[in-house]
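Please read them alongside the coordinates.

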Amino acid sequence: MESLRIDSPPPSTAVFTEKQHSTLHTIIAVAIWLGAIHFNVVVVITSFVFLSLPKALAYICKHALGYFPVTLHVEDYNAFDPNRAYVFGYEPHSVLPIGVVALGDLTGFLPFSKIKVLASTAVFYTPFLRHIWTWLGLSAATRKNFTSLLSSGHSCVIVPGGVQETFHMEHGSEVVYLRNRKGFVRLALQMGCPVVPVFSFGQSQAYKWWKPGGKLFLQFSRAIRFTPIAFWGVFGTPLPYRVPMHVVIGRPIEVKKIPQPTTEEVSEVHSLYVEALQELFERHRAKYHLHRLIYSSQSRWLNTVRALFVFKCSLFSYLSTEYVTGIPL
């Protein structure tokens, strides 16, 4: 019985070789492909070796302030006691509250050896960024952390409007969201710490930005407790524009220590803060040539402003949207 034999073709060998390109393109390609690993290692090592040193951190703050530059104005310097803890209510948030660095302990402007800037908790979920910001003296804006810092004698700087204030930003105007932002006032009363109004002029012009609108975007921002926007600076990079910033600190609002303040007591001190912030703005706005106010259907004037005409310089918008993030009431 004859067997069936099938002749298969001999295996074919294929060899592929990429032709050689210019040395420059080759180096760039490999650097992008494999260099990222080494870059991360360098960032980590550099952070631990250099950024942990107080002198290096002071260097960052000093030269960052000089970039714009940022100038700190204190209306009544002698009104502050270096041995007391204060709650600084900093506005506006803008794209990024860059000018807040002028209040940090590393700059040495204020007579406080213990002062912390409270930032959105979203920052501290971001790799590398949370380490750098922590070493620069920032801390998470949580109720527990806020209370602990005040108890230990630290003054705290907080942006009451929070990151979601960026949802209500309008080109050419200064917008603050304060109506339901009373948690910081409640904690100040519980700890007996004076509340201090702070306003940063010029900060809103540090970046150009774009954000979508509508209810869907608002709901999404509420859900993630953050307002995603597109922003850019010099040549479309994250480097901000060099615009002079003037951070003005008003006089402290003295409060009585009330372990369990009522809603009315909190609202009373909150109203004093809003009024003081408004007056602070009015006293200094003429110096810094702010843009004209652009009205928004989502905003209304502060209760202290009832004029029906438009000033040549922008005024505050007092937003009526009712949601709270950050420090709970």
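1. His-154 sits in the loop that links helix H4 (143-151) to strand S5 (155-158); helices (H or I, at least four residues) and strands (E, at least two) are DSSP runs, numbered from the N terminus. The model is predicted, so local features need pLDDT of at least 70 and side-chain atom pairs count only at pLDDT 80 or more, whereas totals for chains, interfaces and linings use all residues. Residues are numbered from 1 along each chain as its sequence is written, and side-chain values use heavy atoms, with hydrogens and water left out.

2. With a relative accessible area of 17%, His-154 is buried, a term that means under 20% relative accessible area, as against over 50% for exposed and in between for partly exposed (1.4 Å probe, protein chains only). Leaving aside residues up to four places away in sequence, His-154 touches Ala-85, Lys-114, Ile-115, Lys-116 and Leu-149, where contact means heavy atoms within 4.5 Å.

3. Helix H5 (residues 183-191) and H4 have axes that come within 11 Å and cross at roughly 35 degrees; axes are lines fitted to C-alpha atoms, for helices over the stretch in contact, and angles run from 0 to 180 degrees between N-to-C directions. On the H4 side the contact is made by Arg-143, Phe-146, Thr-147, Leu-150 and Ser-151, and on the H5 side by Phe-184, Arg-186, Leu-187, Gln-190 and Met-191.

4. H5 is mostly covered, since 8 of its 9 residues are buried, namely Gly-183, Phe-184, Val-185, Arg-186, Leu-187, Ala-188, Leu-189 and Gln-190. The elements that cover these buried residues include strand S2 (87-91), H4, S5, strand S6 (195-201) and helix H7 (263-284). Gly-192, which follows H5, has a positive phi, near 70 degrees.

5. How do H5 and H7 pack, and at what angle? Their axes are 9 Å apart and the angle is about 110 degrees, and H5 and H7 are therefore roughly perpendicular to each other, on a scale where angles under 35 degrees count as roughly parallel, over 145 as roughly antiparallel, 65 to 115 as roughly perpendicular and the rest as oblique. In this contact, Phe-184, Val-185, Arg-186 and Leu-189 of H5 meet Thr-263, Glu-265, Val-266, Val-269, His-270 and Tyr-273 of H7.
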